[in-house]
Amino acid sequence: MNHQEIQQKYANHYIFNSRNKGSNKYLVGNVLVVALFINDEKSKFLQGWEEYVEKNIHKALRSLYKGARREYVNLNFQLATDSVTLPYACTRHNGSDWRKDALKPYGYTDTNQLREYYKKTYSVDEVAMLFVFHRDFTAFAGAASFANINRDEYAVIASSDKKGTIIHELLHLFGAVDLYLPQITETAAERYLPDSIMNGGNTIDSLSKYLVGWTNYISDNAVLFLEATKDITEDYYKKALNKRWEDHPDNL
Ligand SMILES: [Zn+2]
């Protein structure tokens, strides 16, 4: 199969279809990463921790820069940081409230407004939004995929998160999809896309590279992966995802 045939065959595949969707399109060009440190009723950043997080973000960006270069992709990062204090506890469930409140001091009502401002003012191609909390929880991304293509995109990370987690979440914003669930996907990923950073590993697999816009083709093994997971629907994936969150109710 040539790539055009692959594109046609897997046009509706729940992962293959997530390329170039949402507010962050391709991880290419000049990308501004905005990291907003949030202090709330549950946790506040102690001295030195913002710098610690910044260092880990820089490590992640350096690694992505190198990865892109290996594919002859031009990718340059800038990092902007700031902190904000909210007078209540932020959770996963009131996320649409605190994301709005966190941006209020800047005069924005959502991350898309901030994104558009930075794109215009600093002529960057993409703006990736990271919210950071000084407590332990599993990092997550609100990323567009499937039918929900126009949603806003952002990632939420913990101050203890290291380079690998930050890379994983940033890749989500630009189209990469978790490969560790449902079970069929995890099994196929272990077989065909081993050591993928979207499945707990350390490398950016061929499919994820394609999804974030670093390549215009996928490897033969990535095609086999798509074939092995072609019957999984968006609903089935979402159910597995929701179950995972139910099993981890203490998040954020
Ligand atoms: Zn993930």
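Trainee: In which sense do S4 and S5 pair, parallel or antiparallel?
Mentor: In this predicted model, S4 and S5 pair in the antiparallel sense over three bridges. Two strands count as paired if DSSP finds at least two bridges between them. Strands (E, at least two residues) and helices (H or I, at least four) are DSSP runs, numbered from the N terminus.

Trainee: Which residue in S5 is the bridge partner of alanine 141?
Mentor: The partner is alanine 155. Residues are numbered from 1 along each chain as its sequence is written. As the model is predicted, local features need pLDDT of at least 70 and side-chain atom pairs count only at pLDDT 80 or more, while totals for chains, interfaces and linings use all residues.

Trainee: What is the strand order of the sheet?
Mentor: The open sheet of five strands has the order S2-S1-S3-S5-S4, with mixed pairing. Its edge strands are S2 and S4 (140–142), each of which pairs on one side only.

Trainee: And how do S1 and S5 pair with S3?
Mentor: S1 pairs with S3 in the parallel sense over eight bridges, and S3 with S5 in the parallel sense over four. Leucine 36 has phenylalanine 131 in S3 as its bridge partner, and valine 132 stands opposite isoleucine 157 in S5.

Trainee: How many residues of S3 are buried?
Mentor: Eight of the eight are buried, so S3 is largely enclosed by the rest of the structure. A residue is buried if 20 or more other C-beta atoms, placed from the backbone, lie within 10 Å of its own C-beta atom. Glu126, Ala128, Leu130 and Val132 lie on one side of S3, with Val127, Met129, Phe131 and Phe133 on the other.

Trainee: Changing topic, which residues of H3 are buried?
Mentor: In helix H3 (residues 95–103), Trp98, Arg99, Ala102 and Leu103 are buried. Seen down the axis of H3, they fall within an arc of 130°, taken from the directions from the helix axis to the C-beta atoms, so they line one face of the helix.

Trainee: What covers them?
Mentor: The cover includes strands S1 (29–39), S2 (75–85), S3 (126–133) and S5 (154–158), along with helix H4 (111–122).

Trainee: Finally, how many helices and strands does the whole chain have?
Mentor: The protein chain has nine helices and five strands. Buried residues make up 38% of its 252 residues, and its C-alpha trace spans about 55 × 40 × 30 Å along the principal axes.

Methods. A residue is buried if 20 or more other C-beta atoms lie within 10 Å of its own, exposed if 12 or fewer, and partly exposed in between; C-beta atoms are placed from the backbone. Two residues are in contact if their C-beta atoms, placed from the backbone, lie within 7 Å.
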